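Hello,

Here is the structure we talked about handing over. Please open it first, then read the notes below it.

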Amino acid sequence: MEGHLVSRKITLQEVQAHWPSREKDVYKGNFGHVLLIGGNERMGGAIQLAANACILSGAGLTTVATAGSNLPAIHSVRPEAMVVAWEAIEDWRELMANKDTLAIGPGLGGEPSSFIAIMKALQPLIQEKVVLLDADALTLYSQFEDELAFLSEAKGLIFTPHVGEWRRLCQEKIAPTDKEKVLDYAQNKHLTLVLKGAPSQVFLGRQGLIYENTRGNPGMAIGGMGDTLTGILAGLVGQFQSVDSAILSGVFLHSYAADLIYQKDYVVIPSRLAASLPEVMKNLEGKNV
Ligand SMILES: NC(=O)C1=CN([C@@H]2O[C@H](COP(=O)(O)OP(=O)(O)OC[C@H]3O[C@@H](n4cnc5c(N)ncnc54)[C@H](OP(=O)(O)O)[C@@H]3O)[C@@H](O)[C@H]2O)[C@@H](O)CC1
Ligand SMILES: Nc1ncnc2c1ncn2[C@@H]1O[C@H](COP(=O)(O)OP(=O)(O)O)[C@@H](O)[C@H]1O
């Protein structure tokens, strides 16, 4: 039955009330090491946008594995990022070993062999990792779902499809408006599912809860906006008490920052949104808003 379940709202008051403050004696190791994987020769911008947003949302350390041709661009825009050319990676498991959160997909392309190699390397480490799949990684996931059932054992598992990616994921079997069935899907896979849209909905499969975002605007309808969300979510995971609170807060932060820009600008440029994050986050911290 459609529309049977009631969604909770992700509001400014709730997000602000739970926004973490940084203790005086913290260091980068307290805020997570993120590994971002994506950006083939044609779509280096996607992983660059994700890396930019990840760093600007406060991840302790960020490493990017991408096509070698993207290295100079990423270095010049975000010198804070560590970058590895994926052609040179001999041992993916070694690269993953000291990372807390893996975000895979922006600009990855549809080539299955490298995705499968990444997934095989991940399998023995799965229980200690938070894994986010976005964009092309979701399309590849839908092709190898049975082999990838182990992902449900991850410390946290997050999918961030837009409606087109959602249709591929569920093989057109579940309408995005059928909240009950979408929640079932998320529960079966132990998944935190961010169904992007206007507004976005978050299905917390491990808790059986649905949240609806209260922010966002038409200025966000521009390529790279979802890649930026992926960077924000990956960047926040290491800064919040729980994966689900990081994801709810990150979905809100993304659209809230966009709304602030949309008050003055006709279109919200993703890299501009990312640049505003440190200040917007400071204002979300406790009583500043
Ligand atoms: N600078 C860069 O490098 C950039 C690189 N990017 C990278 O491009 C890769 C491909 O990602 P993608 O999203 O562009 O294409 P794809 O996965 O084929 O989905 C499109 C299909 O879904 C459908 N659709 C239905 N509803 C929809 C909705 N609400 N939002 C969106 N689509 C919706 C849509 O329907 P249609 O519009 O045809 O009616 C169409 O059939 C990915 O790796 C990404 O990271 C981009 O991020 C841009 C910046
Ligand atoms: N009209 C809108 N209202 C609210 N949010 C929107 C609107 N259009 C786009 N968005 C948001 O922008 C993002 C677009 O993501 P996505 O389609 O994956 O972009 P890309 O793949 O180009 O990076 C999502 O978070 C979506 O919720």
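**Ligand 1**

A backbone N or O atom of A46 lies 3.1 Å from an oxygen atom of ligand 1. Please keep in mind that this is a predicted model. G107 also makes a backbone approach: one of its N or O atoms is 2.9 Å from a ligand 1 oxygen. D227 uses its side chain instead, with a polar atom 2.8 Å from an oxygen atom of ligand 1.

How much of ligand 1 does the protein bury? On its own, ligand 1 exposes 900 Å², and the protein buries 48% of that. Two elements give two or more residues each to the shell: α2 (44–56) and α7 (163–169). The largest share comes from α7, with 4 residues.

In total, 17 residues surround ligand 1. The closest are G107, D136, H162, R168 and D227. By class, the shell divides into 6 nonpolar, 7 polar and 4 charged residues.

**Ligand 2**

Ligand 2 has 16 residues around it. K196, G197, G224, G226 and D227 are the closest.

A polar backbone atom of G224 is 2.8 Å from an oxygen atom of ligand 2. For M225, a polar backbone atom is 3.4 Å from a ligand 2 oxygen. N217 places a backbone N or O atom 3.3 Å from a nitrogen atom of ligand 2. Taken alone, ligand 2 exposes 580 Å², of which the protein buries 77%.

Which helix gives the most to this shell? That is α9 (residues 225–237), with 3 residues. The shell around ligand 2 holds 5 nonpolar, 9 polar and 2 charged residues.

**The chain as a whole**

The protein chain has 11 helices and 10 strands. Its radius of gyration is 18 Å, close to the 19 Å that the globule rule gives for 289 residues, so the chain is as compact as a globular protein of that length. The C-alpha trace spans about 45 × 45 × 40 Å along its principal axes.

Buried residues account for 57% of the 289 residues. Take the contacts between residues at least 6 apart in sequence: 71% of them join residues at least 24 apart. The accessible surface of the chain is about 12900 Å², and carbon and sulfur atoms own 51% of that.

Best regards

Key. Residues are numbered from 1 along each chain as its sequence is written. Chains are lettered from A and ligands numbered from 1 in the order in which they are written. This is a predicted model: local features need pLDDT of at least 70, side-chain atom pairs count only at pLDDT 80 or more; totals for chains, interfaces and linings use all residues. Side-chain values use heavy atoms; hydrogens and water are left out. A residue is near a molecule or strand if one of its heavy atoms lies within 4 Å of it. A polar contact is a pair of N or O atoms within 3.5 Å; within protein, one must be able to donate a hydrogen and the other to accept it, and residues adjacent in sequence count only if both atoms are side-chain atoms. Accessible areas come from the Shrake-Rupley method with a 1.4 Å probe; for residues, only the protein chains shown count as cover. Ala, Val, Leu, Ile, Met, Phe, Trp, Tyr, Cys and Pro count as nonpolar, Asp, Glu, Lys and Arg as charged, and the others, Gly among them, as polar. The radius of gyration is taken over C-alpha atoms; the globule rule is 2.2 Å times the number of residues to the power 0.38. Buried means under 20% relative accessible area, exposed over 50%, partly exposed in between (1.4 Å probe, protein chains only). Contact means heavy atoms within 4.5 Å.
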